[in-house]
Amino acid sequence: MRDNVMQFVSAALPWIAMGIVLAVFFARAARRKNKKEKKQDYGSEGMTLGMCLGVAIATAMHWNVGLGISLGMLLGLTIGSGMEKKDGDE
C-alpha cells in the first residue's frame, strides 16, 4: 500500500508543481497588467535560491533531484513574489 502511494505521489507531484507555477505566473501577470506602476519583487532571486536549496535537500535526502529543483523553484517563487522591493533596493 505504501509503495502505491509513493508511486502516485512521485508521478503526480511534477504535474501539481507545474500547475501551481503556472497559476502563480498568470496571477502575477494579470495583477501587473491592471496596475500602471510596476512594483519590483524578489521573484527571480527567490527562484534562484529555491533551486539551490531544493537540489541540496534532495541530494541530502536521496530524493529525485528534478523534484527538488522544481519544488525549490516553486517555493522560492511564492516567497519571493510576496516580498516587495523598496525604492533603494536593486
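Reader: In which helix is Leu-71 found?
Author: A quick word first: this is a predicted model, where local features need pLDDT of at least 70, side-chain atom pairs count only at pLDDT 80 or more, and totals for chains, interfaces and linings use all residues. Residues are numbered from 1 along each chain as its sequence is written, and side-chain values use heavy atoms, with hydrogens and water left out. Helices here are DSSP runs (H or I, at least four residues), as strands are (E, at least two), numbered from the N terminus. By that numbering, Leu-71 sits in helix H3.

Reader: How many helices and strands does the chain have?
Author: Reading along the sequence, you get the pattern α-α-α. The secondary structure therefore comes to three helices and zero strands.

Reader: Is Leu-71 buried, partly exposed or exposed?
Author: The cut-offs go by relative accessible area, with a 1.4 Å probe and protein chains only: buried is under 20%, exposed is over 50%, and partly exposed is in between. Leu-71 has 33% relative accessibility, so it counts as partly exposed.

Reader: What is the volume of the largest pocket?
Author: On a 1 Å grid over the protein atoms alone, a pocket is an open set of points where a 1.4 Å probe fits, with protein on both sides within 12 Å along at least five of seven lines. A volume is the space filled by probe spheres set on the points, which are joined across faces, edges and corners. For the largest pocket that gives about 450 Å³.

Reader: Which residues are closest to the centre of the largest pocket?
Author: Lining residues have an atom within 4 Å of a point, and the largest pocket has 23 of them. Helix H1 (2-34), helix H2 (43-60) and helix H3 (65-82) each supply at least two. The closest to the centre are Gly-54, Leu-67, Gly-68, Leu-71 and Gly-72.

Reader: Which residues form a salt bridge?
Author: Side chains of opposite charge can pair when their charged atoms come close. The rule asks for a side-chain nitrogen of Lys or Arg within 4 Å of a carboxyl oxygen of Asp or Glu, and the count comes to one salt bridge. At 3.4 Å, N to O, the pair is Glu-45 and Lys-85.

Reader: How many residues apart are Glu-45 and Lys-85?
Author: Glu-45 is partly exposed at 30% relative accessible area, whereas Lys-85 is buried at 14%. Glu-45 lies in helix H2 and Lys-85 in the segment after H3, so the pair links distant parts of the chain, 40 residues apart.

Reader: Where is His-62, and is it buried or exposed?
Author: His-62 is not a glycine, although it has a positive phi of about 60°. Its place is in the loop between H2 and H3. With 73% relative accessibility, His-62 counts as exposed.

Reader: How far apart are the C-alpha atoms of Val-65 and Val-55?
Author: Val-65 is found in helix H3 and is partly exposed, at 35% relative accessibility. Val-55 is ten residues away along the chain. Their C-alpha atoms are separated by 5.8 Å.
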